Each structure stands twice: as structure tokens, then as C-alpha cells.
Amino acid sequence: MSEFLLSLLGERLVNSAKAEVDVQSLGARLSLVGLFFGCSLNAPCKQFNGSLCEFYSRFKKTSEHKDKLEIVFISSDQDQKHWQDFLQEMPWPALPFKDRHKK
């Protein structure tokens with residue numbers, strides 16, 4: 001899955017702490033990747049994010065397959081401030097704001 005993810009997302013993602021996440025090492029352990037396309041200014045996206053965060057937290061705490069799933073946020077935000085604010089609500093990595101054209 002690593003090569004596919006590299007071609008799709010590039011080499012690096014970022015997390016809410018602004019740390020880089022290596023896509024190749026991430027892809028080596030995953031079986032399932034969820035791509036969350038969203039925008040911080042869209043109310044349904046904000047609502048869905050809350051539900052997805054609940055599911056993700058529960059899954060990561062209780063599933064024997066917790067290391068096999070990752071979600072990646074792909075933003076439709078038009079400015080970096082909104083993207084950063086929305087990313088702070090998420091426990092998963094995101095496509096860097098400067099790479100949002102890849103969506």
C-alpha cells in the first residue's frame with residue numbers, strides 16, 4: 001500500500017502538532033485508509049468530524065486492528081488559518097495545506 005499512498009498523497013502528511021508524518025512508513029502497516037474530504041466552514045463537515053472523531057477514538061482504544069486503520073484529512077479550506085483550526089480538532093494526519101491541489 002505504501003507505493004499507492006505515495007503516489008496519491010506525496011511523501012509527507014502533517015498532524016495537529018505540525019509534525020510531519022512519513023507516508024511510506026505509515027502505508028507499510030495499514031490495511032485501510034479513509035480519506036476525509038472536508039471544509040471547516042461547512043456545517044455538515046463539522047458535524048461529521050465530531051462523529052468521526054468519536055468512532056476513531058473508540059476504534060483506536062478497543063480494536064485489535066487499531067494499527068491497520070488511518071484517516072487522512074483532505075481540506076477544501078481556502079486559507080491556512082481555517083485549515084489549521086479544523087486540523088486541531090482531528091486526531092489523524094492531513095494533507096499539507098500547500099498540497100491541497102492534489103485532492
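Okay, a definition to start: a charge sits over a ring if NZ of Lys or CZ of Arg is within 6 Å of the ring centre and within 35 degrees of the ring normal. Here, arginine 100 does that over the face of phenylalanine 97, at 3.9 Å from the ring centre.

Quick housekeeping. This is a predicted model, so local features need pLDDT of at least 70 and side-chain atom pairs pLDDT 80 or more, while totals for chains, interfaces and linings use all residues. Numbering runs from 1 along each chain as its sequence is written, and side-chain values use heavy atoms, leaving out hydrogens and water.

Now, the aromatics. Rings of Phe, Tyr and Trp (its six-membered ring) pair if their centres lie within 6.5 Å; planes under 30 degrees apart are stacked, over 60 edge-to-face, the rest tilted. Searching the whole structure turns up eight aromatic pairs. One of them is tyrosine 56 with tryptophan 92, edge-to-face, with 5.1 Å centre to centre and 75° between the planes. That pair links distant parts of the chain, 36 residues apart. Both residues are buried, meaning under 20% relative accessible area with a 1.4 Å probe, protein chains only; exposed is over 50%, partly exposed in between. Tyr56 and Trp92 also belong to one aromatic cluster with Phe36, Phe48, Phe73 and Phe86.

For cysteine 39, the nearest cysteine sulfur belongs to cysteine 45, 6.4 Å away. Cysteine 39 is buried at 18% relative accessible area, and cysteine 53 is buried at 14%.

Notes
Helix = DSSP H or I, 4+ residues; strand = E, 2+ residues; numbered from the N terminus. Disulfide = S-S within 2.5 Å.
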